[in-house]
Amino acid sequence: ADRPGAMLTLAARRVARIGGAVRAPAATALSRAGFADDAAAADAAAFNPASGLVMPRKVAVIGAPVASGQGLDGVDDGPQILREQDIRGKVTDLGWRFEDLGDIEPVRPSATDPADTPPGHKARHAFAVGRSCERIANAVKAAADDGSFVLTLGGDHSIAAGSLAGVLASRPEAGVVWVDAHADINTPESSPSGNVHGMPVAFLMRLAKAASTPGFEWLAEGNELGVPALLPSRIVYVGLRQVDVGERTLLRKLGIKAYDMHAVDKLGIARVMEEALDHLAGKAGARPLHLSFDIDACDPSIAASTGTTVKGGLNYRESHFICEELARSSLLSSMDLVEVNPRLGAAKEDGGKTAAMGVELVSSALGLSVL
């Protein structure tokens, strides 16, 4: 239910009408009415209509506290701890308008949920995750239709089935940079764990059968929201270092451009991003870009509070360089930041440090630079 006294934005009211509830945070509103002359000039210089954004540039934040896509408590606290790192102030300091649309009310798993039991089909809590993603998709589409930069704060990475569906419904030509230790392209048949946070790309590409997966029917071909299938040529992976056997087979079969950490080490992150941007928006022509950033792409030494840490990840500068280059392209128009879990980590302060790292990455993606 909506929090007492909170004013829902237009996008939030749209979600409420289709059956999804939005929890608005205590402080919601545009933080600025306008821009200083220098900020407005920088804003105009960075603007590219191919991004799908409109002037003056605005960031719309949507919280997606979904935890059912995996098995650890705490990742649903991600949106709140990220807000506590003054994400609003950091965004407005960069000259963007800021609108917090609140949190989507996630659907919780229930004993009465439709069973997900086809032979060989493993998708834990599929109904709850799928319905939650539907709510996210509608909210993201509404904000994207408004010309906003849509920033979705997770929650586990299953939310990308919703956030990216909303982006594609509004900006069907969008390309995707997926920064993650994992490929998240398992199907319910190939997944070793059955955790849906490892399946969003498969659902978006229609490799997983949405029509026969309880909760995901809304994403099937011919869906009312108008979500097209994500094409293999429109996604690039960066930072992979733990890929399941079935995922490796799919990546090769579909010819998906993917840079694991060996490639990052060998080529350097500058060349990786040059090739990624050329693949998505160079030869193919300028298009809106979406960044889906799982904090576990970063090495655990700089982002310890996440559920699936893997040694040998992106270092501090590599992580920021990815975001900086996407900002410099002037085509980045939406972003997910997921898998921040403040309850995890060896030290008490790890949760805050990981959240701070996440907000720094958002700042770089929105144009923060030294010079």
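The model is predicted, so local features need pLDDT of at least 70 and side-chain atom pairs count only at pLDDT 80 or more, while totals for chains, interfaces and linings use all residues. Residues are numbered from 1 along each chain as its sequence is written, and side-chain values use heavy atoms, with hydrogens and water left out.

**Stop 1: the nonpolar core**

Select I185, I235 and Y237. These residues have the most contacts inside the largest nonpolar core, which has 53 residues. A nonpolar core here is a set of buried Ala, Val, Leu, Ile, Met, Phe, Trp, Tyr and Cys residues joined through side-chain atoms within 4.5 Å. Buried means under 20% relative accessible area, exposed means over 50%, and partly exposed is in between (1.4 Å probe, protein chains only). Elements that give two or more residues to this core include strand 2 (58-64), helix 5 (126-145), helix 7 (200-204) and strand 6 (235-240). Helices (H or I, at least four residues) and strands (E, at least two) are DSSP runs, numbered from the N terminus. Helix 5 gives the most to this core, with nine residues. Another core, of 51 residues, lies apart from it; V91, Y259, I322 and V340 are among its residues.

**Stop 2: I185 and E247**

Stay on I185. Not counting residues up to four places away in sequence, I185 touches, among others, G198, Y237, E247 and L250; contact means heavy atoms within 4.5 Å. Now select E247, which is in helix 8 (residues 245-254).

**Stop 3: helix 6**

Select residues 160-170, which make up helix 6. Eleven of its eleven residues are buried. These buried residues pack against helix 5, strand 4, strand 5, helix 7, strand 8 (289-294) and strand 9 (332-338).

**Stop 4: W96**

Select W96 and F149. They form an edge-to-face aromatic pair, 5.7 Å centre to centre with 70° between the planes. Rings of Phe, Tyr and Trp (its six-membered ring) pair if their centres lie within 6.5 Å; planes under 30 degrees apart count as stacked, over 60 as edge-to-face and the rest as tilted. W96 lies in the loop between helix 4 (87-93) and strand 3 (97-104) and F149 in strand 4 (residues 149-154), so the pair ties together parts 53 residues apart in sequence. W96 has a relative accessible area of 3%, and F149 has 2%.

**Stop 5: salt bridges**

The whole structure has eleven salt bridges. Select D146 and K58, whose closest N and O atoms are 3.0 Å apart. D146 is in the loop between helix 5 and strand 4 and K58 is in strand 2, 88 residues apart. D146 is partly exposed at 45%, whereas K58 is buried at 16%. Finish with E275 and R271, which meet in a salt bridge of 2.8 Å, N to O. Both lie in helix 10, four residues apart, about one turn of the helix.

How values were computed:
A salt bridge is a side-chain nitrogen of Lys or Arg within 4 Å of a carboxyl oxygen of Asp or Glu.
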